[in-house]
Amino acid sequence: MRNDIPQIGMTYQIMNREGIYDLKEIAQEYHAQQQYLASQQQWGYDRYLKNSSNASAEVCTPFSQQTQQCSIWSINHYLGLNRHPYVIQKAQEALEIYGTGCGTSAMSGGHSQLHKDLQTRFAKIFSKEEALLFPTGFTANSGTISALCRGSETLILIDRDSHTSIIEGCRASASDFLPFKHNSLQDLEKKLKKYSGKYVNILVVVESAYSMEGDIAPLKEIVALKEKYSFLLYVDEAHTFGFYGKNGAGLCNELQLTDKVDFIMTTLSKSTAGVGGIVATSSAFACMLRWSSTYTFQAAIPPADVMVVNACLDLIENDSGIISTLWNKTHYFRKQLLQLGFDLGQSQSPIVPVYVRDPKILKEMEQALFEQGIFTVAVQYPAVKASEVRFRFIVNNSHTAEDIDHLVNVLGKLGVKYGLIKPQEFSCASHTPLE
Ligand SMILES: Cc1ncc(COP(=O)(O)O)c(C=O)c1O
């Protein structure tokens, strides 16, 4: 059962295509493929920002050293707070008072009063008895799932499109795990029916919104299944925290489901523009995780990063305009793409996928977008099926109306050129005030 899991990464692709198992050979194959793609101007990864910013920057391409001023569409700072003067001021104050790193984990003196207060704040936000602050969102997921699922008495059911941190948690656990079809209540119920009674515990792990599709999970219906089949429910709110629910408290809050969900997780690297992960749960589960997860075995996040998150929470709680601005920009962008006839799949959130469904066209378009001052990363096989390759544009409060209009115009022209939309559907986008 443990093998039926989505395989991610080039290693899998290379091993299967070439039958190569020697690690040195695999590494050489990686290198050769990357050199080839770079020579064809098809290596879009590893581009970096010369002067990091949230919505526009000079972007440098390794190998060619080509640079280009671009609007950035691949960064998850939904609320655009990473350059907010209040956030920076608070982080600087914390740096002065508390210094830099913590030097050890939460359980051995790595936490300050700041860390403890942030945990309490998140417990309240998620309406849970306690919240634990992990050093990253990745280890919050992988560490929690692997610590909870300790043996053959537990089965983990995860959505097939789960983030790698969830899959890694399953792999590191000592329990069986199985994916169900993406957002499919039918497939989830089929598996619950089959395995309930065969395991002491079933843990169902879902994301409230999925980062490759921009669609949201049917949480209400999943909670209804929980009432029928009695399992533990873990919801990752990485892509909804900050702009769904009251004061951005997430989708479980918006749907009034917090008391039905056993674990509410979010990363702190997206809406709250810092680093870290939170898992909110009951005191009993928090106690278990404190004893046995990455919480105990990984250095705590620096106090300045705690203050970044605190400052972002202050801004989100005191200014509802921050959230409505994101939604206005998202709706404005989505409406124009839909009018042009682009296929946006089932997306609803500020993650806006544009389906291309042809790997060759995808790579050509990625380079054409870059040359037109638009930076995003192509979502390609094996991360998704070849027939589902796409772009992913992540709307961010720092994008201006001009940034959005420029992207729509360029996409429109490329969409016509590559047959993604019909010519008559394309007319130039015009500036519309958003704020
Ligand atoms: C759904 C989801 N969960 C967890 C993570 C991991 O969070 P972080 O990158 O902040 O460690 C990510 C990161 O992209 C994510 O998309």
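The model is predicted: local features need pLDDT of at least 70 and side-chain atom pairs pLDDT 80 or more, while totals for chains, interfaces and linings use all residues. Residues are numbered from 1 along each chain as its sequence is written, and side-chain values use heavy atoms, without hydrogens and water.

The chain holds 15 helices and 13 strands, which are DSSP runs numbered from the N terminus (helices H or I, at least four residues; strands E, at least two). Of its 435 residues, 54% count as buried, meaning under 20% relative accessible area with a 1.4 Å probe, protein chains only.

Strand β3 (residues 67–72) runs parallel to β12, joined by 2 bridges, and S71 has I374 of β12 as its bridge partner.

What surrounds N397? This residue sits in the loop between β13 (390–394) and α15 (401–417), and is buried, with a relative accessible area of 14%. Beyond neighbours within four places in sequence, N397 is in contact with Y78, L79, G80, I322, T325, L326 and K329. Its side chain reaches the backbone oxygen of I322 at 2.9 Å, and a polar atom of that side chain lies 3.5 Å from the backbone oxygen of L79.

Note on methods: Buried < 20%, exposed > 50% of the residue type's maximum accessible area, 1.4 Å probe, protein only. Polar contact = N/O pair within 3.5 Å; in protein donor to acceptor, adjacent residues only side chain to side chain. Contact = heavy atoms within 4.5 Å. Pairing = 2+ DSSP bridges.
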